[in-house]
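Hello,

Here is the structure for you to look over. My notes on it follow below.

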Amino acid sequence: MTAIFDLTVIGADEASFSAAAVAARAGASVAIICPRKRKNMTASFCDMPNFVWRRLDLHEYGLSLERISARVTLGPDGATVITYEGARETKAALVKSGHADYLLWTDFVDEMKALEAGRKLRDAAIAAPGNGDAGFSLFSGGVRECATLGQATSSCTAALDDYLGDDALKTHIAAHALGPSGLGGAEPGSALALSEFFDEHAWRVRPDESGPSLLSTLETACKDCGVEFFTKDIAEIARDSARQVVVSLVDGEKIKARYVLFASPGAAQKTGMRASVCPLAGHGAATAVLRITLKRPMPPVASDDKAVFQILDDAGDLQVARDAALDGRLPESLPVEFEYAANGDIIVRTSYCPASFRDDDGWREWTGQDRQAAARRMTDQLASRIPELSANVRKTKIEIIGAASPDRAPVFAGPGFVGQGWAGIENVIVQPNRHNAVAAAVRLVDRILAGE
Amino acid sequence: MIFPAEDVIVDSPRATPLYAAAASASEANIWTSVNGWSLARVFTSVEKEYHAAKNSAAIADLGALSRWAVRGPEAAQFLSRITTAPAPRLGVGESARGLILDGDGGVLDLAEVSRLSDDLFLLTTPTAHARRLQLGARGVDALGEDICEAVAAIGVFGPRASEVLSAAGMKMPGEDVAASAVVRGVETAARPIQFGALPGVELIFPAADALTIWERLVRRGKAGPIGLDAMEILRIESGAPRPGVDFVAADHPGTTTRRTPAEIGLPHLAPLDRGWYNGRRGLRYVATRPERRLVTLSVDDERSMPGAAVYAGGKPVGRITSCAWSPAIKRVVAFADVARPVGAKDYEIAVPAPGEGRVAAKLYETPESALAKAFREAQDAVGNAR
Amino acid sequence: MSDVQDKPGGGRIEGGIDAIVIGADAEGLTAAAYLGRAGYNTILLEAGVEIGGAVCARELSPGLSYVDGEHLISILDPAVIADLDLYRHGVSYAARCLDTAYFFEDGKTLQLGGDLQMAAAAFDDEEAGSAFQKFITDVFEAAAFCRPGFETAAPASDIEKAMRAAPRSLAARLNFFSLAPAQEVLDAYLPDGCLKTALLCEAGFRSAAAPHEPFSFMTLLRRWAGEIAGLQGACAYPQGGAVAVVTALRRAAQAAKVDIRAATGVASILIEQDHAAGVELEGGGQIRAPIIVAAGAARRVFMEMIGAANIDIGFQRAITAAQPQLASGHLHLSLKGVARDEKTRGHMNRRLVYAPPREALRRAFADARAGRVPDDLMIEAVFPDVLDEETGGDRMQLLSAIAHPLPFDENPNADRRAEIEKTILANIEKFAPDIEDRIKERALRLASDIAKSTSALAQDYAAPPSIIEQVALARVAGSAGYVSGLYFCGREARIGAGISCAAGRMAAKAALYEAKRGGRAA
């Protein structure tokens, strides 16, 4: 049997389901391939932007939204920096903790948001279906556009140094902006992460234990608007013709589609595909998610169980960790972020793990020992800031997303591969780690559908 | 000095040092927030406050504006770089109005600069520009300090302003010279300002003494407080555009509109033949061809209608940005952002249902537009002479 | 006695000049020659005593001198050669199309002909050969298309127009090329092997953008947009070394009746009514002219000669934002003994490149960025006396090498210099074993050294950032802060490493165009 769809989404996470549901509601024929159902450990990290909520009418499914209350960085020696979404609250908090740059905060956030060139660059980098010149047309901007282009393509460290003087605050911003994509502060283009970080208002769904989960709700929403589900593993993705991609499943079933979208890099990695050019892609790194179940309840750090926390000594450590990950090592000082799940579990995450390891014999895959080592290091990092944690861990569970087999040559996806004879497929789009994967995926789908 | 647009989201506004006094004086109890500070819109009634300011004197809390003290041997150059006000030419005690422009001549904000001593200036702007001041200070020997939190400011307007001040034991500054004095041990600075067409004085003093000074002005000077709504009428009558309402700052996130000084009716605040200021070279390229113009109109109607379409010669040419019913001329006075090529004096304005249709509107000369007109004529004369 | 008489030219105002060019490096000479040829009464002012900026000949041992700054030319603007008749003014190639020999850590070598298209066609390995051919075709096409984008003052509308007219597949490819890391582009095109390692090195060479990081492929694309003697992407060694280009430019300027004044520093640029009006000299006195072309570093031109208080703050931010982290190092060695036999000379008659493996290269960039001297360095070396018989000594031989990446250091101490020299030598040894025993004299030229000899700032000779960042900066700097009559062709207006002269040509062209349109000058 061969079905032909406008869009095939591969993945079983919130971003994939949101993208599929939105596309289906917009009138496209959509298939979703979610090979294996896994227990979703990252659920509480998921941001759900208002506009997606509205378009899917999620309130009708009995969910409710809450804000990420604060962004917290736990520095060494008990130093803590807290910022909020509201500029005024942030200012007050910075004044209270004695950070000199509070006056510049509003201007900084506004300027990062307004990095228009950055947005263009980001969009062009991830996908430019229909019209491939978006990235290069940056060359034709006027003086003002070029000034912002220069900012957007420079490094996060340069952007922060230009603006702020307070090291703790710079570390805080760098940690939160770069953490999700696992980038180093000195890499060109990492300034884009700043513009992305401040661009989107983050809302999250944290359903109570009894209610439906966001994931299952989105799945229902998909089914309600006619998205077709396939649950078999994928055997191969290949180009069928210049404008069509065919996905073969293990049982021989073929699904043809005009576009294939991986809303997160994890799902793509399993099939050997990867995003080609996005400066935020953070290639060569894997994400580790650790769920810590406690023996007995513990008061949350900063008495706030709705905040996102980062643990980082110094902004420079991000680049050191990034270099280590690219080198095939687990970084000594691993930057981690964590937050609290609704049931009190602590979910720890880091995108600074290597995609594969390198020792004297060359590159090798992740082993059970590596996973244990990573879990231990993440727990240690947490315990360095929350001393009472070490004696209170009941069990931990770790998942590695984006680990790659070192001998498998990646297949590139995305723009730039039009009608060429090499191993890339243009109509397959892989989204890198994004600050707000749902929002980004939905916007991407809008552009794909509009580009037709 | 004009307040910027009210905050879109009123999210737990802060109290100015004068909040307690204003709260107890506020019978109407209608509040809003500007730059995150609480401000009373109405104290008693809009019309009463308006007439008090016009015929007697009124006092207003000006604590929501952004204020910077700028010090240093090159403070004047620094300010003439940041704003179009001619800071180096100011004598001690003098003030000047100006604009803040971006590198391409787009208007970011209004500004007012006062010279308090040889190397100390006061910069007042509707909204804060911390980043610009930070950048502007690079390579220039001057230091800006945000004093918003430290000081309180009261504006006294109206024909009786000087009486109020002397009754309160304060010296009225000269026609255009600021003065500082110690009132009962409190360091205060007074500088002449114009609010609308009204003469006035702005008093700036340490925040801790805010209530004392306010009380003295009210008790001894017999001045009533004026709220934002009455001030808005005075503002529109005087022809002063309001940032965020009548024009949007060129660097506002997400904005695509840019306005030059001429396009917001303030070409006289950024003359090309005066000292250097940020954006002048960019402005030189765009100043000769303004595409829009902000005009003041008197409308034969009694309803206010921001956003209404403006027609000239039967064609839509723009929209109303802000308007108020003027008790003085018994008409609505409105700011309208219209396409430039229209040389029309007569406009029509769409009025909403019921009785949908258009009403006549005429160009209305305000003190500000008179200045702009005189400036343009002088420029043309120079141009012709060449 | 008054001050005026103390200083030569003090208080004097010189008029009747149409154009002033500040800075006599290659770009400044180019701009001056163009203006002079157009019949403009042009003065070229150079603060130092040497004409040519960083590129000049220096003696290493008696009878043996090396060329400072650059040793090869690859992106020299062909239009400048043609317009200024540089061949007539003395440019000739000792080696017009230099072959490259790549050396790898595992002892393998790879020879690539100077004509890359030919080289690809003649590639030994069939699979790699056809992939390489495809790669060269695609990249050359894209590079040729981008060429106007690398000419700083090209009007944005022209580029936009060209972009719109580009076929869809080319546009999509450009998008990929301009954003992707070099490593990804090469992975997409070529099988693993020596060729890929070699090209990866080429992409990271003399750039601050590491080949595994975004936007780095453009470095290679920029190089291959260059054309020498009609060959795209080639390198050449001019007779007499790179300094010959500067000498020819100087002759061209003199032939165009440009008044070249060395040791004449400019204290400030006069601006009247937002129009450049002339310059004030360091020794006092003014020269007035309606056109000023500035070739120095942007910081110097705008922050010192015009002054921070007189330029837009956004412009100031853009031109002062860069904080360099990386630099290249030049090492010149005089070697005892001369290889006489043809076979050895045949090997030395090439551009020699040591290409470290991918991981080592990545670590090198990380180390250099962190301020450490990396163990592995990319080396580009030539034997000038083998390439050009005229320069050779009788009993000695010269080796000129550029090593990259090194940490940028404003003022390196003796220990750091020794460490750098040792590391560079260790890497040279990888393809020229036992060279250490033959060394007689050595000259290590770091960014700070070159800067010192041209009285510039060390950061002006640091490794340039990614091409996309350079293009953005060049556009901003090229606007010269909207001062009309002022044109900028200094470091910030140039794109890519090496002598190009495109910025000087475009600055002069813009000046001539506007003067004609505005009816000013001449």
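In chain B, 19 residues are in contact with 14 residues of chain C; contact means that two C-beta atoms, placed from the backbone, lie within 7 Å. This is a predicted model, in which local features need pLDDT of at least 70, side-chain atom pairs count only at pLDDT 80 or more, and totals for chains, interfaces and linings use all residues. Residues are numbered from 1 along each chain as its sequence is written, chains are lettered from A and ligands numbered from 1 in the order in which they are written.

On the chain B side, helices H3 (75–82), H4 (130–136) and H8 (280–286) of chain B each give two or more residues. Helices (H or I, at least four residues) and strands (E, at least two) are DSSP runs, numbered from the N terminus. H8(B) gives the largest share, 5 residues. By type, that side of chain B has 8 charged, 7 polar and 4 nonpolar residues. Here Ala, Val, Leu, Ile, Met, Phe, Trp, Tyr, Cys and Pro count as nonpolar, Asp, Glu, Lys and Arg as charged, and the others, Gly among them, as polar.

Chain B also splits into domain 1 (19–65 + 149–238), domain 2 (66–146) and domain 3 (291–385). The bounds come from an automatic or database domain assignment. Between domain 2 and domain 3 of chain B, the C-alpha centres are 32 Å apart.

Now chain A. It has 14 helices and 21 strands. Of its 452 residues, 54% are buried (20 or more other C-beta atoms, placed from the backbone, within 10 Å of the residue's own). Helix H7 (156–163) of chain A is largely enclosed by the rest of the structure, because 6 of its 8 residues are buried. Those in H7(A) are A:Cys156, A:Thr157, A:Ala158, A:Ala159, A:Leu160 and A:Tyr163. Their cover includes helices H4 (105–113), H6 (143–153), H8 (167–178) and H9 (191–199) of chain A.

Last, chain C. An open sheet of 5 strands runs E12-E3-E2-E16-E22, with parallel pairing (strands pair if DSSP finds at least two bridges between them). The twist averages 15° from one strand to the next; axes are lines fitted to C-alpha atoms, for helices over the stretch in contact, and angles run from 0 to 180 degrees between N-to-C directions. Strand E3 (42–45) of chain C pairs with E12(C) over 3 bridges. One partner pair is C:Ile43 with C:Asp259 in E12(C). Helix H20 (502–518) of chain C lies across E2 (19–22), E16 (291–294) and E22 of chain C, at about 165° to E16(C).

Best wishes

Definitions and conventions: Buried ≥ 20, exposed ≤ 12 C-beta atoms within 10 Å, placed from the backbone.
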